[in-house]
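User: Could you take a close look at one aromatic part of this model for me? I'd like the cut-offs spelled out as you go.

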Amino acid sequence: MNLNRLSIIFLNVLKLSVKLNLWSTIYFNFKVLPFHQAVKLPFHFFGKTDFADLSGKFIIQAKEVHFGMIVFGGKHEVVISSNVPTRIFNSGIIEFNSNVKFARGINVMVWNNGVLSIGDNFSIGSLSRIICFRKMSFGNDVLIAWECQFFDTDFHFIQEKDQSIKDNCGTVMVEDETWIGARSTILKNTTIPKNSIVGANSICSGNYREKNGEGILLAGIPAKVVKTDVSYIIDKKQEQELFAHFSKNQNQILN
């Protein structure tokens, strides 16, 4: 390896070390992972952190564990700028796959018997909350905008007139290739089917797959199906080409 290439690698590492919260990154990896995984530093933390409870299990299910595969406090989305700390409370189980990106000011809470599963190529925007008391899962290629909320619990119990009390927890399932718009709320016992889109500021409750199948656009309070046979563009290169295409056309119209 030549000197020039070594210099580039050194500069990249130096840049990363300036931005990376090195203490939180090292502490978290060696606190929650077995040594043979921790030494690879798969978890990276940027910005402020609040490790409220790390007594639960953190499991990486990917076949290969590699450097920086799961990022908290990342700046991959640029719409929201926040100095709110990343907060993690886990007394249950969190299962990760590869290429997982949490933006800034994320609050992840998994209660004692809760299981949270996160698929490949998962991305969630700043100031979002994931609160899991029972069971919550996100599939592959899930894109979530900023200030979204996911709850699989009502938090408190309600007693009916006949003195009966129902379970206040359920499940949340967000299937593969789903895009969830900003400030949406997903409540307990909700299934968002594959290839679906949730419009901004929507409140979702119920199994939308059961009645509507895949590839639906949901919007509203409460969210209802407003379009079928849709999907979002996952390929980032194609997305950039589309931005350029429509921008060029708009400029031609304005001129």
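Analyst: Phe122 is buried, at a relative accessible area of 1% (buried means under 20%, exposed over 50%, partly exposed in between, with a 1.4 Å probe and protein chains only). Phe102 is buried as well, also at 1%. A search of the whole structure gives 19 aromatic pairs (rings of Phe, Tyr and Trp, the last by its six-membered ring, with centres within 6.5 Å; planes under 30 degrees apart are stacked, over 60 edge-to-face, the rest tilted). Phe102 and Phe122 form one that is tilted, with 5.6 Å centre to centre and 55 degrees between the planes. Phe102 sits in strand 7 (residues 100-102) and Phe122 in strand 10, so their pair ties together parts 20 residues apart in sequence (strands are DSSP runs of E, at least two residues, numbered from the N terminus).

Do keep in mind that this is a predicted model, where local features need pLDDT of at least 70, side-chain atom pairs count only at pLDDT 80 or more, and totals for chains, interfaces and linings use all residues. Residues are numbered from 1 along each chain as its sequence is written, and side-chain values use heavy atoms, leaving out hydrogens and water.

A polar atom of the Ser126 side chain lies 3.1 Å from the backbone nitrogen of Arg104.

Terms used. A polar contact is a pair of N or O atoms within 3.5 Å; within protein, one must be able to donate a hydrogen and the other to accept it, and residues adjacent in sequence count only if both atoms are side-chain atoms. Helices (H or I, at least four residues) and strands (E, at least two) are DSSP runs, numbered from the N terminus.
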